[in-house]
Amino acid sequence: MLKPMLALATLVALAAPASAETVLILAGHVITDASKPMRGPSTITVTDGRITAIIDGLARAGPGTRVIDLSAKTVLPGLIDVHVHLTGDPGGDFRNEAVDSTESTVVTGAKNARITALAGFTTVRDLGSAPLAGFALRDGTAKGFIPGPRILSAGSAISIIGGHGDVSGFRPEVNAVLDG
């Protein structure tokens with residue numbers, strides 16, 4: 001049975017020090033390549049925020065070396081999702097998308113970006129966000145202001161009225177008054 005998995009790239013980001021430091025990540029299993037069998041207990045060495053070695057077995061740390069003990073976990077490379085909607089609230093009322101401000105969707109997006117990174121995704125393509133909201137999220141995560149994955153933002157959706165990307169749910173004349 002597979003143990004809970006953690007994305008290696010997420011761990012490297014967590015292990016990245018403010019100053020030069022070596023961190024050992026002790027992993028119960030490591031997936032380095034989807035086409036190869038999973039490795040058993042391994043030690044991942046991270047120096048200056050970069051993986052410098054992965055060796056078989058759980059090594060002992062020297063003095064002053066920080067250790068992240070994940071010996072009961074499976075560690076894997078960061079995942080990529082090319083179709084996400086970070087600024088939408090999957091548990092919310094769909095009709096709110098017609099009246100929520102762009103600023104509000106950025107706050108929702110910040111929450112979802114953090115959850116997405118914690119789930120092991122290190123890169124996502126965000127599709128169909130409110131005008132400029134996806135770009136604000138992209139810039140916020142890139143600058144380290146918001147915890148989250150690398151975001152490739154496609155911006156606003158393009159759709160015909162009543163099509164898949166039309167989230168207003170209103171007739172065109174009602175939208176004209178709302179946009180007024």
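1. Thr 116 is located in helix 2 of this predicted model. Its relative accessibility is 15%, and because buried means under 20%, Thr 116 counts as buried. Once neighbours within four places in sequence are set aside, the contacts of Thr 116 are Leu 86, Phe 121, Val 124 and Pro 149.

2. Helix 2, which spans residues 102-118, packs against helix 3, residues 133-142, at an angle of about 45°, and the two axes are 9 Å apart. That angle makes helix 2 oblique to helix 3. The crossing of helix 2 with helix 3 is right-handed.

3. Which residues make this contact between helix 2 and helix 3? Helix 2 contributes Thr 102, Thr 105, Val 106, Gly 109, Ala 110 and Ala 113. From helix 3 come Ala 133, Ala 136, Leu 137 and Thr 141. By class, the residues of the contact comprise 6 nonpolar and 4 polar, with no charged residue.

4. Lys 111 belongs to helix 2, whereas Asp 89 lies in the loop between strand 6 (79-84) and helix 2, so the pair ties together parts that are 22 residues apart in sequence. Lys 111 is partly exposed at 40% relative accessibility, and Asp 89 is partly exposed as well, with a relative accessible area of 39%.

5. The count of salt bridges comes to 4.

6. Glu 21 and Arg 66 form another of the salt bridges, with an N to O distance of 3.7 Å. This pair links distant parts of the chain, 45 residues apart. Glu 21 is in the loop between helix 1 (8-15) and strand 2 (22-30), and Arg 66 is in strand 5 (residues 66-76). Glu 21, at 25% relative accessibility, counts as partly exposed; Arg 66, at 33%, also counts as partly exposed.

7. Some totals place these details in the context of the whole chain. The chain contains 4 helices and 8 strands, and its elements run β-α-β-β-β-β-β-α-β-α-β-α from the N terminus on. Of the 180 residues in the chain, 31% are buried, and Thr 116 is one of the buried residues. Among contacts between residues at least 6 apart in sequence, 67% join residues at least 24 apart.

Notes
Residues numbered from 1 in each chain as written. Predicted model: local features only at pLDDT ≥ 70, side-chain atom pairs only at ≥ 80, totals over all residues. Heavy atoms only, no water. Axes fitted to C-alpha atoms, helices over the stretch in contact; angles between N-to-C directions. Helix = DSSP H or I, 4+ residues; strand = E, 2+ residues; numbered from the N terminus. Parallel < 35°, antiparallel > 145°, perpendicular 65-115°, else oblique. Left-handed = near helix turned anticlockwise from the far one by under 90°. Contact = heavy atoms within 4.5 Å. Nonpolar A, V, L, I, M, F, W, Y, C, P; charged D, E, K, R; others polar. Salt bridge = Lys/Arg side-chain N within 4 Å of Asp/Glu carboxyl O. Buried < 20%, exposed > 50% of the residue type's maximum accessible area, 1.4 Å probe, protein only.
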